[in-house]
Every structure is written in C-alpha cells, then in structure tokens.
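I opened the notebook to record what I looked up in this structure. The entries below go by topic.

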Amino acid sequence: MAAGGRHMHSFSRILARGLLAAALLAGVSGAATAEMVLNRGNGAEPSSLDPHKIEGNTEANIATDLFEGLMTYGPKGDPVPGAAERVTPSDDGLTYTFRLRADEKWSDGTPVTAADFVYSWQRLIDPKTGSPYAYYLDPVVNAREIRDGQKPLDALGVRAVDDRTFEVKLTAPTPYFVSALVHQSTYAVSKANVDKFGGDFVKPGNLVSNGAYKLAEAVPQGYIKLVRNPQFHDAANVAIDTVMYFPTEDGSSELQRFRAGELDITFDLPSEQIPSLKKEIPEQLHIVPFLATYFYAFNMTREPWKSSPELRQALSLAVDRDVLIKNITRADQVPAYSFVPPGTDNFPAWTPKAAGMTQAERDARAKELYAKAGYGSDKPLKLTITYNTSENHKRLAVAIAAMWKRTLGVDVTLNNEEWATFQSTRNKKEFPDVARHGWFGDYNDAFTFLQLELSDVGDQSTSGYANPKFDALMAEATKTTDPKQRGALLQQAEKIMVADMPVLPLYFYTTKHAVSPAVKGWTDNVQDFHLSRWLSVAR
C-alpha cells in the first residue's frame, strides 16, 4: 500500500481550522449523549472513499472502519474472519469456498450476499474502473486476462453458489491468498448502491457499507465523521460511537492539536521533535518496526534513467542512510539497501554488498560510477526530486540533495505536490526524474513488495521497470508451494532487481504515533492497522 502538494492558501487554512473547531465542539457536546468519541489525525486529504479506487493508507484507515472484507484486521493487526464466518480450501489449494455470516448486512439493512462479492471483484479488475489495485486479484482464474482486456468480466473465476456461499478458483496454489483478503481492494460494495448513485455512491447520505461504522459527514480539508453502524454483525461489541478523522498534513500542527487534547491519535510525528518527545511523553509514543519500505523511484520510462544503471547505482551509493536516520528521521529506522523488509515471513534474509561497505567506500564507488555514466564537474547531472507535501519528506529530500551535491556535484531541484496530484503524477510516470515512494505491506509476504516491479503490474509500478528474468522468477514463485523453494525464488528475483536499481531503498519504516492514555485497546503491530471497532476511549 502506498504511503499531500501545495500548502493550503491562508483562507483555506482558516476555513479548515474553523471546521475543525466546530467538529470538535460537536464531538464534545455529543459526548453527553454518546458513549464515546474518538478523534484521529489522518495525514493527507483522502482522494477517495471507494475501496476499489483508493491506494494510500490515509484512505485505507477510513475504509477499514466503513467496510469489512471476507477477512479483516483483528485487535493485534492479524487477519481474522470478517464478512465470512469460515473459509474452506480444496485439497489441491485451487478452490476456496467462503461462507458469509447469516447476519451480514449493509448499513441500510439489506443483506450482504455472495453476489455482492462477485460484482465487486469484477468491478475491481474491470479496466473501466481504473483501479490502481486491479492486479491484486491476479491469482484468480482469468483475472490477469480480464484486466488486460482479453476476456469478459464474467470469465473471472468466482461465483455465488448461493446467497451466502462465495467460491473462488485460483490459477495456482497461493499461500498468502486468504490473509491478503484483509486489503480494502477486495471489499464488497453494494451493487444496488452503485447503480443508484453512480460515482456519487461514496458521498454522505448515499453510501451504504458493511463495516462497524457508516459515513455521516465529509467536509473537504475539514473532517470525516463516522458513526456506529447498528446493522454491523458485531455492533454490540463496538464501544466507540463516533469516529472523527481529521486530515493533518502538517505534522507539527497535528502534534499541537494532540497536546491540546483535540486529537486522541496522531497519524505521524514530526521527525525533528522525536528526541524531545521521547523525554517528555515516552508513555504516549508508539514507535515500533513496521512492514514497510521508504524509497525513491527512478523514472525508468525516461532517459537517462532508462539506460544507465551506473547512474542509478551511483546515486544510491552516495546517500548516507545512517546520517539520514540519525539526524533526520530519528525514529530508529533501519537503513535499507534491499527492498523487502527484514523479518518478512518465509523470506530468507540476505545482505547486499553495499550494506557491508563504509560510507567512504560507497562514496568512492559512487564517483567511479558517476564518471562511467558520463557525468562530472564539467557535466553535472541535473535532476528533480518530486514528493508529496510533508515536513518529513521535505527534510529528507533536502538532505539527500545535499549529499548528491557534495559527493557527486549533482544539481537538484525539489518539487512538492498535493497528495492527490502526486499520486497521479507518480502512477502515470509523469515525474521527470526521481519520486518519493513508500510501500506498506498489504500482507506479510515478500510478494506484496516485489510485485510492484513486475512489468505488467500497471499504475502501481514504482518506476516502469521491466526485466524478463525478474518476471520469470516471480511467475515461478507464484506456482511454487514449498515455502523454502518459493522464498529462494523470491530472493533471487529481489537480487536481480536490486542489481538493476530501478528504486533506491532508503530505510525500513517504523510506525510513529502519539496515542492518548484515554485510548484503550491500542496494540502495536507490523502492519499498523488499528480499527476503531477494537478501541475504546475513557476520558
């Protein structure tokens, strides 16, 4: 899962603050009648609430409260049964039969049926939908051919056996398949709801959902308000009645709101304040390892990046990751010279050569490769780093630009964009040179990271990379059921990709949240999902 642009004009900021104050007052006044209200910071303004079109974690946080897939995130972030009460795999691992809960309903009281999942999975891979996650169902029979426009939607290997039985056929045994169904792209939407409102089905007053909450209000640059869904199958055990999501791109402002008691949970923390926060509010900080990688992507559809691995490698070697972590990010991240995070299930660890070098050795090698690529003091490289608006992203970009200038003489221009614009720029490969990127594992398996480099993955391709040897190893891995053999194949694929350097890994994430002592039930987890249904608030 991918981890917002120009700052708001002063009038927009004033308006947003006014809306925030009004919403908070509403939350306080409502507390007299409502049992609990939770106020969550949530990063950039959501680009969509359509589960088949969203791709960032800011949207996913809201989607996992509004919708429930066949599987869902449990209190500890692990996959647990969701809309399906049970799943039965066939002996050959090619067919999965999901039995929906008898009391599974949409928020308008109508039943959630297997036909809803058939419709929704077809909608996800329909080229007309334009989903960034259309590739997610590639393990399903004919999914790849359908999204490529070669077969009709009804050829997808899914069917409604009856109202409560949903059957899925796979092209090959896929060990991670069930656990991957926690992802929002696999959630069902109500066909009747979409048919009635079209693209406006996600608006307040229109949207019906099957999660613990339903959409009450959505004010751009203000807030999104969710209220408890009485039709939810486990509504009796949902403690929080109202969840307020506030877009908070400015980390310092978000932290101020947290300290003022206006927010119960921050989306992130400003890196420069982490050392002091560790001393001032250590019990409220949650900084833990995360199944995610922060990296830069080279635009492999353009020159000079497309034809110069030496140049890409030189830029990677010239970045002192230890200095970035010590002086910029300051949250115990791990330097990254490969792509798949350490500790990923069933993936054998390995160490790239660059990781064992000193920075002086890396810099020396970077200069050699830079010269080999045809650049030097008489012909300096000029490039642009494109990133989405964020204090933390800017500080990193400034530091990396300085390293490239000092070591190689590269002239760097920084370009920040609002989140929705940045997503489009990155997906369409319209950034001129280098783009910030981050990927949060959709499930605990190396495939969720490495599939981003497949030549046919679509918009989610990080850089437009294409290597037939890499693709062949990945294809072989999808057909291999033995965990050790599969892990070895995925490792070989990553080694090829790291040698080609279409992306520049910088560090493996840690999650960074401030959580109020009033919030109960928060459990740190490597996927950093904390559904509001599992939390409570004791003020």
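I count rings of Phe, Tyr and Trp (its six-membered ring) as a pair if their centres lie within 6.5 Å, and I call planes under 30 degrees apart stacked, over 60 edge-to-face and the rest tilted. This is a predicted model, where local features need pLDDT of at least 70 and side-chain atom pairs count only at pLDDT 80 or more, while totals for chains, interfaces and linings use all residues. I number residues from 1 along each chain as its sequence is written, and side-chain values use heavy atoms, with hydrogens and water left out.

Aromatic rings. I searched the whole structure and found 23 aromatic pairs. Tyr 96 belongs to strand 5 (residues 95-100) and Phe 177 to helix 5 (residues 177-180), 81 residues apart; helices (H or I, at least four residues) and strands (E, at least two) are DSSP runs numbered from the N terminus. Both Tyr 96 and Phe 177 are buried, a word I use for under 20% relative accessible area, against over 50% for exposed and in between for partly exposed (1.4 Å probe, protein chains only). I also looked up Tyr 294 and Tyr 509, a tilted pair with 5.8 Å centre to centre and 55° between the planes. Tyr 294 is in strand 11 (residues 285-298) and Tyr 509 in strand 16 (residues 503-514), so the pair ties together parts 215 residues apart in sequence. Ring pairs also join Tyr 133, Tyr 135, Tyr 136, Tyr 176, Trp 439, Tyr 443 and Phe 447 into a cluster.

I noted an open sheet of 4 strands in the order 1-10-9-8, with mixed pairing; two strands pair if DSSP finds at least two bridges between them. Strand 1 (37-41) and strand 8 (213-219) stand at the edges with a single partner strand each, so one side of each has no neighbour in the sheet. Strand 1 runs parallel to strand 10 (residues 242-246) over 5 bridges, and Val 37 has Thr 242 of strand 10 as its bridge partner.

Helix 12. The 18 residues of helix 12 (residues 391-408) should span 26 Å at 1.5 Å a residue, and the end C-alpha atoms, 26 Å apart, agree with that; the expected span is 1.5 Å times one less than the number of residues. Among the buried residues of helix 12 I list His 393, Ile 400 and Trp 404. After helix 12 comes Gly 409, with a positive phi near 85°.
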